[in-house]
Amino acid sequence: GPEESLGDALTRVRPEVVLIRSTQFPRTDVESSGADRLRFVMRFGAGTDNLAIDALRARGVEVANAAGANAVAVAELTMAHLLNADRRLADQVVSLRE
């Protein structure tokens, strides 16, 4: 079936804390009756452009993010892609399988 919206989940669960990775948290969800107990929103990742910060703070909700928490993993992935591009590893895998 269809996935539950954030607003519907807030109404059903009425949480005090919400942890978000990339989901949008618009003003309409902040102002819903399900957000009445909300005290803290944590965004895992850099930036908070997917959160209605003004609306959250107006309700007394603390907002934080984990900027830089995955910086090492991103750097490792970047290096792996550079090595892959330089060594043409994908082409070599195909060649080995033939």
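Reply: Arginine 27 is partly exposed, with a relative accessible area of 42%; here buried means under 20%, exposed over 50% and partly exposed in between, with a 1.4 Å probe and protein chains only. This is a predicted model, in which local features need pLDDT of at least 70 and side-chain atom pairs count only at pLDDT 80 or more, while totals for chains, interfaces and linings use all residues. Residues are numbered from 1 along each chain as its sequence is written, and side-chain values use heavy atoms, leaving out hydrogens and water.

The partner of arginine 27 is glutamate 31: the two form a salt bridge, their closest N and O atoms being 3.5 Å apart. The term requires a side-chain nitrogen of Lys or Arg within 4 Å of a carboxyl oxygen of Asp or Glu. By this rule there are five salt bridges.

Another one joins the side chains of arginine 37 and glutamate 16, at 2.8 Å from N to O. This pair links distant parts of the chain, 21 residues apart: arginine 37 is in the loop between helix 2 and strand 2, and glutamate 16 is in the loop between helix 1 and strand 1. Helices (H or I, at least four residues) and strands (E, at least two) are DSSP runs, numbered from the N terminus. Arginine 37 counts as partly exposed, at 31% relative accessibility, and so does glutamate 16, at 44%. Glutamate 4 and arginine 12 also meet in a salt bridge, at 2.8 Å from N to O. Glutamate 4 is partly exposed at 44%, whereas arginine 12 is exposed at 57%.

Serine 32 is in the loop between helix 2 (27–30) and strand 2 (40–43). Serine 32 has a relative accessible area of 16%, so it is buried. Not counting residues up to four places away in sequence, serine 32 touches Leu10 and Arg59, contact meaning heavy atoms within 4.5 Å.

Leaving aside neighbours within four places in sequence, leucine 56 contacts Phe25, Val30, Leu38, Val41, Leu51, Val61 and Val63.

The C-alpha atoms of glutamate 62 and valine 41 are separated by 6.3 Å, although the two residues are 21 apart along the chain. Glutamate 62 is exposed, at 53% relative accessibility. With neighbours within four places in sequence left aside, its contacts are Arg39, Phe40 and Val41.

Last is helix 4 (residues 71–87). At 1.5 Å a residue its 17 residues should span 24 Å, and its end C-alpha atoms are 24 Å apart, which agrees; the expected span is 1.5 Å times one less than the number of residues. Arginine 88 follows helix 4, with a positive phi near 50 degrees.
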